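Me: Could you take me through how the aromatic rings and the nonpolar core of a model are read?
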Amino acid sequence: MSHPPKPAPECPFEKRYPSALNRDDRYFMELAYNRAIDAWRQNEVPIGAVIEYGGEVIGQAHNQVESTNDPTAHAEMLAITQASDAIKNWRLNEATLYVTKEPCPMCSGATMMSRLKRVVYAVPDPKMGGLGGLYDVNSYPTINHSLEVEIGLMQDDCLQLLQAFFQLKREMGKTSI
C-alpha cells in the first residue's frame, strides 16, 4: 500500500535575478540554481540544469523523479531533451550544461552521447558522480568524444541548498511519526 507523498519543507532560499547583460558562467549557473529552487518547491531533490547555446538558454529543467515516477527524469536528462528539440539536432556540440550537482553516471553518459562541449557543475558527488566523483566517464580513452568539465562554480550556495533540503526533510520525518 502506498502512502501519499509528504509535503515539501518550506524553502528558505530566494531565487536569484542575474543581469542578462553579462551572460557568463555565473549567470547561467544562477539560472540553474533557480531551477533547483523550483524542484524544492515541488518536493523534488533540488537540482537544476540549464543548457546554453550561443548565449541563449535552449534547455532548462529540474529534477522530476518523484512527480513523474520516472527514475530517468533528472534535471540534466530533461534539459538535454529540451535543448536537442530547440535546435532540432541531437548533437549539442557548441552547448554548455550548467548543473547544480555533479551529474550521475546516467546523466554523464547523456552528456557524452549528446556531444555537449562543456559541463559546468557546482557540487561534486563522491558517492554517485559520473564526471570525476565516483566515476569519470570523460576519462575513458576509447570514447570518441570528450567534454570540457569545470567544477565548483557556486559550490557553497548549491551545497547549502541540497544540505538544507535533506536536513529539513529528516526533521519533518521525525515530527510526523
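Reply: Start with burial: a residue is buried under 20% relative accessible area, exposed over 50%, and partly exposed in between, with a 1.4 Å probe and protein chains only. By that scale, both Tyr27 and Phe28 are buried. This is a predicted model, in which local features need pLDDT of at least 70 and side-chain atom pairs count only at pLDDT 80 or more, while totals for chains, interfaces and linings use all residues. Residues are numbered from 1 along each chain as its sequence is written, and side-chain values use heavy atoms, with hydrogens and water left out.

Me: How many aromatic pairs does a search of the whole structure find?
Reply: Rings of Phe, Tyr and Trp (its six-membered ring) pair if their centres lie within 6.5 Å, and planes under 30 degrees apart count as stacked, over 60 as edge-to-face and the rest as tilted. The search finds five such pairs. The Tyr27 and Phe28 rings have centres 4.9 Å apart and planes at 85°, so this pair is edge-to-face. Phe165 and Phe166 are also paired edge-to-face, at 5.2 Å centre to centre with 80° between the planes. Phe165 is buried, at a relative accessible area of 2%, whereas Phe166 is partly exposed, at 35%.

Me: Which residues have the most contacts inside the largest nonpolar core?
Reply: A nonpolar core is a set of buried Ala, Val, Leu, Ile, Met, Phe, Trp, Tyr and Cys residues joined through side-chain atoms within 4.5 Å. The largest has 43 residues, and Phe13, Ile51, Leu92 and Leu116 have the most contacts inside it. Phe13 also belongs to a cluster linked by ring pairs, together with Trp40, Phe165 and Phe166.
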